[in-house]
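Student: I have a protein model open and would like to learn how to read its features. Could we go through a few together?

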Amino acid sequence: MHESGTASQSTTKKACKKSKKNYSGFYQGVRLVLKHKEQLSGIVGAVAELIEVPKEYTLAIETALGGAAQHIVVEAEKDGRAGITFLKQQHGGRATFLPLTTIKPRSISGGIRERVQHVSGFVGVASELVQYSEKVEYVVQNLLGVTLLAENLESANQLAKAVNYQYRIVSLEGDVMNPGGSMTGGATKRGNQGSLFSQTQELQTLTDQMEHLEKQLVVNEQEVQGLTNEVKIVTEQLEQLRTIGETNRLKQQELQNKLTNQDETITRLTKEQRLFEFESRELHQFLTEYQGKKETLTEQKETLEKEKDRLDQEMKQVDQEASQMENYKAAALEALNKVQAEQAVVMEQLAHLDTQKTEKHHQLDEFLAKEVSLRQQLQQLDSHSSDNQMTEESLALQLEQLSEKKTELQVAIQKAKENRTQMQQQVDTVDSDLAEENKQQQQLLSQQTQVEVEKNRSEINLDNALQYLQEEYSMTFERASQDYQLTLEKEQAKIEVKKLKRDIERLGPVNINAIEQYEQVNERHEFLATQRDDLLDAKDQLFETMDEMDQEVKARFSEVFEAIRAQFKVVFPNMFGGGRAELILTNPEDLLNTGVEIEAQPPGKRLQNLSLLSGGERALTAIALLFSIIRVRPVPFCVLDEVEAALDDANVSRFGHYLSEFEDDTQFIVVTHRKGTMEAADVLYGVTMQESGVSKIVSVRLEDVKEGGSIAATTD
């Protein structure tokens, strides 16, 4: 901070030294002599260089010296003559020389000095308030020895009266009481003379500040050295802290990751909360729907109770039919068992008879075999009778024996045949009884089969009814018989059930997601309907606002246009020195889309459209329109860039004169090359290049230009 201030002060000091070296601010002749004082002998310096003025007396001393501040002090008269000759040779202007050998001091008498000491506001004698070398004492006393300084103009008036208006009195504000009583004062413009003392004071101030800053710089350098050492220590500590910071950064990153995880968890929980809220809303909707469904199911329950009662009756009938079937089955089984028992007895008897029959058949077969054997023996005997000449007696005996055996056999055969016949009759009888029993058994079996078929059919119907009850109504027979009772007649209940089934069939397949889909579609429909209503309302409001704005624009445009047209009628003749002009709307019925045409009639010409005028006339017409607009809507600031370039000198003068009419309300900056416009301006700004490549802004306030064309004060 100190280094920056030192550099700035050093730069300013160099600029002041350079300005002093170049004698900037001095008159041309004085500056030329001072620059060549090494070549000219006896040049002591300018008065402004040779005295030091306290800051509080600067304005008063400047006023007291006036142009004498730039007088050149020389050793002798010949040095003054040499300087004047030099200026003549160089055509360098004029200068006033004060030879030390001829200048005599001037002073105030002791009586007057004593008199003014008692006047209020007296500051002192000007020559005593400045510092100077002994060499130029006479010069300073000559210039300032008889000038008194007062605090203000009132004090100066009192001092002038005290000295009988014999001496010049200057106030600290720069007001002057001249000898004889005349007064000079007012606003002071600081020009070249003021800058001479201010440059010297500024240079001295900067020198003191430089010395102070150099001392401060040494102290600062020591502090910087100490701070550098501290910086090294701090750097080492910083490195340690950086290491610790890196560790902490890793920890922070870890914590950040944890925080991120926590944020994700919070986000997830938030989503879950929203999902829970959504599910809660759905649950609420479900409960609402459940309540509605409950009422519907209550009605269905009543219907099902009626259906249950009907089914109970049917089940009772089925149970009764099943009981009857069981009774039929038991009776059939009992009859079957009885028949089977009788059949078993008969079968046993039949088996016994079959056994006896078989035995009799065996006996008959044996008898037949014996008969055959006997016949064979008889034949053999007959055949061998001739050969074996048996005795008649033996043969008669054998014959008699055989006859007896034959008779016995015939009797036995006859008995066997009778027994056989009886047995056959018994077998036939048993067969007949068995056939009858078989027939009865077949009838009983057929009845049993029918009973079993009816039983199976009843069981199947019962199973189907239970399954239908479970699938359609999701309940068991026990719950149905307990909770629902049939209140209608069976036939009427069947008709009601068929009707309900037809209604259900007409409804078609049931969409289980229909309620949820309806809610979603209904919510979307309500949202879009709300958006549509908002858009329609916004549209209506926009159109209403646009209509209001159109009406306001029309009203304001009409008002401003009429005002500008009225002013244009006044400004145009003033700008042209006569003539007339008119602003015309191309479509008065449609103010929002209408155009504006200008019809102008300059002096000596007929009324015609703007496009038919010359370039200068069009430009002046446009300027007149601009001034008309400014009159209606004044603006504080306006920039015009060569708007009068196409005008002739007379119209340029009118333009410049017209600008001055707006100086109370509007400040104009006009870029121009026309003399008439420049003459009408208050301040001129120009750019000059005294040195190659260096541009410099020059400004002239025309009120400071004197009658002869000289400028009382300039600004570098």
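Tutor: Gladly! Helices are runs of at least four residues assigned by DSSP, numbered from the N terminus. Keep in mind that this is a predicted model.

Student: Which helix holds valine 234?

Tutor: Valine 234 belongs to helix H9, which covers residues 192–384.

Student: Is valine 234 buried, exposed or partly exposed?

Tutor: Buried means under 20% relative accessible area and exposed means over 50%, with partly exposed in between. Valine 234 has a relative accessible area of 45%, so it is partly exposed.

Student: Which residues make the nonpolar surface patch?

Tutor: Val234, Leu238, Leu241 and Ile244 make that patch, with an area of about 360 Å².

Student: Now charges, please. Which residues form the negative surface patch?

Tutor: Asp534, Asp537, Asp540, Glu544, Asp547 and Glu548 form it. Take glutamate 544 as an example: this residue lies in helix H13, residues 514–576. Its relative accessible area is 47%, so glutamate 544 is partly exposed.

Student: And which residues gather in a patch of positive charge?

Tutor: Those are Lys498, Lys499, Lys501 and Arg502, on the surface. Lysine 498 sits in helix H12, residues 490–507. Why does lysine 498 count as exposed? Because its relative accessibility is 53%, and the cut-off for exposed is over 50%.

Student: How do I read a pair of aromatic rings?

Tutor: Such a pair is described by the distance of the centres and the angle of the planes. A search of the whole structure finds nine aromatic pairs. One of them joins phenylalanine 627 and phenylalanine 655, with 6.0 Å centre to centre and 15° between the planes, and is stacked.

Student: What does that pair tie together?

Tutor: Phenylalanine 627 is in helix H14 (residues 615–632) and phenylalanine 655 is in helix H15 (residues 649–659), so the pair links parts that are 28 residues apart in sequence. Phenylalanine 627 is buried, with a relative accessible area of 0%, and phenylalanine 655 also counts as buried, at 0%. Ring pairs link Phe627, Phe655, Tyr658, Phe662 and Phe668 into a cluster.

Student: Last topic: backbone angles. What is the phi of asparagine 164?

Tutor: Asparagine 164 has a positive phi of about 60°, although it is not a glycine. This asparagine 164 is in the loop between helix H8 (153–162) and strand S8 (168–171). Glutamate 642 has a positive phi too, near 50°, and lies in the loop between strand S14 (637–641) and H15. With a relative accessible area of 36%, glutamate 642 is partly exposed.

Note on methods
Residues numbered from 1 in each chain as written. Predicted model: local features only at pLDDT ≥ 70, side-chain atom pairs only at ≥ 80, totals over all residues. Heavy atoms only, no water. Patch = residues over 30% accessible without salt bridge, like charges linked within 9 Å, V, L, I, M, F, W, Y side chains within 5 Å. Areas by Shrake-Rupley, 256 points an atom, 1.4 Å probe, with all protein chains shown as cover. Salt bridge = Lys/Arg side-chain N within 4 Å of Asp/Glu carboxyl O. Lys, Arg positive; Asp, Glu negative; His and termini not counted. Charge placed at Lys NZ, Arg CZ, Asp CG, Glu CD. Helix = DSSP H or I, 4+ residues; strand = E, 2+ residues; numbered from the N terminus. Buried < 20%, exposed > 50% of the residue type's maximum accessible area, 1.4 Å probe, protein only. Phe/Tyr/Trp six-rings, centres within 6.5 Å; stacked < 30°, edge-to-face > 60°.
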